[in-house]
Amino acid sequence: MWFVCDEPECLKPIKEGHFRFDCQQCDNFTFCDKCYRKNTTHTHKFSKTKVPQGQGPPENHDELITKAFMRCTECKVSLIDVTKRVYTCSDKKCSPDQTKGEATYWCKGCKESTEHEHKRERVRGSAGFPFELQTMDKDKMTSE
Ligand SMILES: [Zn+2]
Ligand SMILES: [Zn+2]
Ligand SMILES: [Zn+2]
Ligand SMILES: [Zn+2]
């Protein structure tokens, strides 16, 4: 397993030997060292643990994080927050398989400020996401 910072503007993998901060109240909420230090809004207690050797991020971590957090292709912000408007392109070239998260997403701001060769549409779904995340526990993803 390996760890990712849950701060939506960060979403960086936490490397071996670095500290991670797990919220003691929220299920699966982790900050990296930097975000923990500048955090002023998440007021729960955190526990500090060092990421052991062998639990660093896998090589394709960028790809895995993009899928798990549904990041905007432009600004890289996480779009998993269901209050955000998410847009996607349904062209096969941009979104080979939306059910597996293999898709291109934009936040509202980037959709409006960028041009795209295909038509983009707003993502609709029960919880706001087009694909199931249950196979990918975003905080403790396995590298296989
Ligand atoms: Zn919390
Ligand atoms: Zn962070
Ligand atoms: Zn964006
Ligand atoms: Zn497209």
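Modeller: Two strands pair if DSSP finds at least two bridges between them. Strands are DSSP runs of E with at least two residues, and helices are runs of H or I with at least four; both are numbered from the N terminus. This is a predicted model: local features need pLDDT of at least 70, side-chain atom pairs count only at pLDDT 80 or more, and totals for chains, interfaces and linings use all residues. Residues are numbered from 1 along each chain as its sequence is written, while chains are lettered from A and ligands numbered from 1 in the order in which they are written.

Colleague: What makes β3 and β5 a pair?

Modeller: The rule asks for at least two bridges. Strand β3 (residues 19–23) and strand β5 (residues 46–50) have 5, in the antiparallel sense. In one of the positions, phenylalanine 21 stands opposite lysine 48 in β5.

Colleague: How do you know that β3 pairs with β4?

Modeller: By the bridge count again. 3 bridges join β3 to strand β4 (residues 30–32), and two would be enough to call them paired. Aspartate 22 stands opposite threonine 30, and arginine 20 faces cysteine 32.

Colleague: Why are β4 and β5 called edge strands?

Modeller: The order in this open sheet is β4-β3-β5. β4 and β5 each have a single partner strand, so one side of each is left without a neighbour in the sheet. Neighbouring strands are turned by 30° against each other on average, direction ignored. That angle is taken between axes, which are lines fitted to C-alpha atoms (for helices over the stretch in contact); in general, angles run from 0 to 180 degrees between N-to-C directions.

Colleague: What is the strand order in the sheet with β6?

Modeller: β7-β6-β8, open and antiparallel. β7 (105–107) and β8 (120–122) are at the edges with a single partner each, so one side of each has no neighbour in the sheet. The twist averages 35° from one strand to the next.

Colleague: How do you know that β6 pairs with β7?

Modeller: 3 bridges join β6 (residues 86–89) to β7, against the required two. Valine 86 is opposite cysteine 107, and threonine 88 has tyrosine 105 as its bridge partner. β6 also has 3 bridges to β8. There, tyrosine 87 partners arginine 122.

Colleague: Which residues of helix α2 are called buried?

Modeller: In α2 (residues 61–69) they are Leu64, Ile65, Thr66, Ala68 and Phe69. Buried means that 20 or more other C-beta atoms lie within 10 Å of the residue's own; 12 or fewer is exposed, and in between is partly exposed, with C-beta atoms placed from the backbone. The buried residues of α2 pack against β1 (3–4) and β2 (13–14). Just after α2, methionine 70 takes a positive phi of about 50°.

Colleague: What is the mean pLDDT of the protein?

Modeller: The mean is 84, and 85% of residues reach 70 or more. pLDDT is the predictor's confidence in each residue, from 0 to 100. Over residues 126–140 the pLDDT is below 50. Beyond near neighbours in sequence, this stretch has 25 contacts in the model. A contact means two C-beta atoms, placed from the backbone, within 7 Å.
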